[in-house]
Amino acid sequence: MRIIIYTGKGGVGKTCMAAASACKIAKSGKKVLIMSTDAAHSLGDVFDRKIGKEETKITENLWAQEIDTVYESEKSWGNLKGYLKQLLSAKSGAGIEVEELLVFPGLEELFSMFRILDVFQKGVYDTIIVDCAPTGETLSLLKYPERFSSFVRKILPIERFGVKTIGPIVEKTMKVPMPAEAVFEDVESLMDKMERLQDLMLDKDIVSLRVVTTPEKIVINEAKRNFTCLYLYHYNVDAVIVNHIYPTAAMEGYFNKGMQKQEEALREIRESFGEVPRYYVQLQQKEIRTLETLEEMGELIFKDSDPNTVLFKETIYEVDAKAHTLRIYLPFAHKEELNLEQGERELVVGVRNEYRRFPMPAEFSQKEIAGARFEGGYLNIVFE
């Protein structure tokens, strides 16, 4: 089974790209489910039909689902959330403020990912396509397994085995409510699912993330930050899709300056995403809406390639904080061809007439380059 996750800044056409690739894979004969984890669902809009929280059949091999984030959230931690609300209200009294305190950014999206885990483990489909929430929410949910498990362990005041024995005494003397059995069951289920989700997401033979961007400076910057963060967390980004490219004929005359800016943006995309496969999509004359137009778009994007395969699996760069080293994948470069430039926010690596741009990792933002050496196809840059 494959899981392919599409992410990117809001408004870049992420849903259309995800749906188009789902249509192409389904036409090849594979059984495909496309799921939306974004609270502002658009799948129903692009397929031009009603899609709900249950799996809806679109064609012979294609199903779609818009995950109900509130429902998944209550199912995953309803008992624990109720206990935390009771705990916070014990001294201060209940109110809307307590509800607001229990709204963690990205948490509902994380619980939506649990639904993906459930579908994966049932093994009904060959491929799951995920139309993910915009970039910020995606990154926050990928960080949650470690952070939320730590939070839960700190917030529970007593171990499970002690609740029935000394729990009533603590509750009476300290006026602190003790968690019920169902709360501990929620915690165990959450911790287990988080570990299994993390293991699955890091399996590069199964899970690929694909970043959708447009040739605009602000959007490219967001895509670069997204790309860097995903790689530093060891997730596999196997493609970048550049959407909304204006054809040359449309940019003549009054829009000529826009063509120049677009060319500069496309050059920055080439320099920023290096060896990762890139797919370019021109702005279409008709709206991408309905199954027919999505199938046409799927053929247009991937042409002769198979979107269901893992398109790329190398580690492009990684940070070794202890050794103050940034390792960059440059398999065909030679030392005498290399040029390094360090800016405030990015590192520019030149090889012959080609340039690569890397957002500067936070660990090295205040450091200077001390040296660099090639080793096993990687450029090792040391900072001090």
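A total of 18 salt bridges is counted in the predicted model, a salt bridge being a side-chain nitrogen of Lys or Arg within 4 Å of a carboxyl oxygen of Asp or Glu. Residues are numbered from 1 along each chain as its sequence is written, and side-chain values use heavy atoms, with hydrogens and water left out. Because the model is predicted, local features need pLDDT of at least 70 and side-chain atom pairs count only at pLDDT 80 or more, whereas totals for chains, interfaces and linings use all residues.

One of the salt bridges joins the side chains of Arg 289 and Asp 48, at 2.8 Å from N to O. Arg 289 lies in the loop between S8 and H11, and Asp 48 in the loop between H2 and strand S3 (56–59), so the pair ties together parts that are 241 residues apart in sequence. Helices (H or I, at least four residues) and strands (E, at least two) are DSSP runs, numbered from the N terminus. Both partners are partly exposed, Arg 289 at 34% relative accessibility and Asp 48 with a relative accessible area of 44%. Here buried means under 20% relative accessible area, exposed over 50%, and partly exposed in between (1.4 Å probe, protein chains only).

Helix H9 (residues 217–232) contains the pair Arg 225 and Glu 222, three residues apart and thus separated by about one helical turn. Their side chains meet in a salt bridge of 3.1 Å, N to O, and Glu 222 counts as buried at 18% relative accessibility. Another salt bridge is formed by Glu 268 and Lys 224, with the closest N and O atoms 2.8 Å apart. Since Glu 268 lies in helix H10 (residues 256–273) and Lys 224 in helix H9, this pair ties together parts that are 44 residues apart in sequence. Glu 268 is buried, with a relative accessible area of 10%, and Lys 224 is buried at 5%. Both belong to a network of salt bridges that also links Lys 217, Glu 271, Glu 346 and Arg 357.

The count of disulfides (pairs of cysteine sulfur atoms within 2.5 Å) is zero. Cys 23 is buried, with a relative accessible area of 2%, and Cys 132 is buried at 1%.

Helix H11 comprises twelve residues (291–302) and, at 1.5 Å a residue, should span 16 Å; its end C-alpha atoms are 17 Å apart, which agrees. The expected span is 1.5 Å times one less than the number of residues. The buried residues of H11 are Thr 293, Leu 294, Met 297, Gly 298, Ile 301 and Phe 302. They cover an arc of only 145 degrees around the axis, which puts them on the same side of H11; the arc is that of the directions from the helix axis to the C-beta atoms. Their cover includes helices H1 (14–27) and H2 (43–47), together with strands S1 (2–8), S6 (207–213), S7 (237–245) and S8 (278–282). Lys 303 follows H11 and has a positive phi, near 45 degrees.

Over the whole protein there are eleven helices and 15 strands. Of its 384 residues, 48% count as buried. Among contacts (heavy atoms within 4.5 Å) between residues at least 6 apart in sequence, 72% join residues at least 24 apart. The protein exposes about 19,100 Å², of which carbon and sulfur atoms supply 50%; accessible areas come from the Shrake-Rupley method with a 1.4 Å probe, and for residues only the protein chains shown count as cover.
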